[in-house]
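Me: Hi! Could you walk me through the aromatic rings and the core of this one?

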Amino acid sequence: QVQLVESGGGLVQAGGSLRLSCAASGRTFSGKTMGWFRQAPGKEREFVAAISWSGGGTSYATSVKGRFTISRDNAKNTVYLQMNSLNPEDTAVYYCAAGAARYTSREYDYWGQGTQVTVSS
């Protein structure tokens, strides 16, 4: 059974940083893209970032470009999201996703349960 488990969320002041991790178990995602999405209260889930299997291909939402960095460690079957210069608009539940065919795709096969990120002003 495939599981994606996120960690690293929490409460941080505006301007601060957090690093999210997502550990996958049950299978490896060889050749597949992994990504992060988020959902703020009262809003639809939105794409944040994605990374190809090799790490050579990445994409970001405009709202986070230059502040967030996605990376992965295939040996650990883990994807990370380094979030810097956080602002209250980044407050959301962050979800890890895996299994997309390419880093430009938004269709994923597996999803984590989410981790809460709250940014105070």
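**Rings and core**

Reply: Ring pairs join Phe37, Phe47, Tyr108 and Trp111 into a cluster. Rings of Phe, Tyr and Trp (its six-membered ring) pair if their centres lie within 6.5 Å; planes under 30 degrees apart are stacked, over 60 edge-to-face, and the rest tilted. This is a predicted model, where local features need pLDDT of at least 70, side-chain atom pairs count only at pLDDT 80 or more, and totals for chains, interfaces and linings use all residues. Residues are numbered from 1 along each chain as its sequence is written, and side-chain values use heavy atoms, leaving out hydrogens and water.

Me: How many aromatic pairs are found in the whole structure?

Reply: The search finds 5.

Me: Is phenylalanine 29 buried or exposed?

Reply: Phenylalanine 29 is buried, at 0% relative accessible area, while tyrosine 110 is partly exposed at 27%. Buried means under 20%, exposed over 50%, and partly exposed in between (1.4 Å probe, protein chains only).

Me: New topic: which rings does the charged end of arginine 45 sit over?

Reply: The charged end of arginine 45 sits over tyrosine 95, 5.9 Å from the ring centre, and over tryptophan 111, 3.8 Å from the ring centre. That needs NZ of Lys or CZ of Arg within 6 Å of the ring centre and within 35 degrees of the ring normal.

Me: And which residues touch the most other members of the largest nonpolar core?

Reply: Trp36, Leu81, Met83 and Tyr94, out of 34 residues in that core. Such a core is a set of buried Ala, Val, Leu, Ile, Met, Phe, Trp, Tyr and Cys residues joined through side-chain atoms within 4.5 Å.
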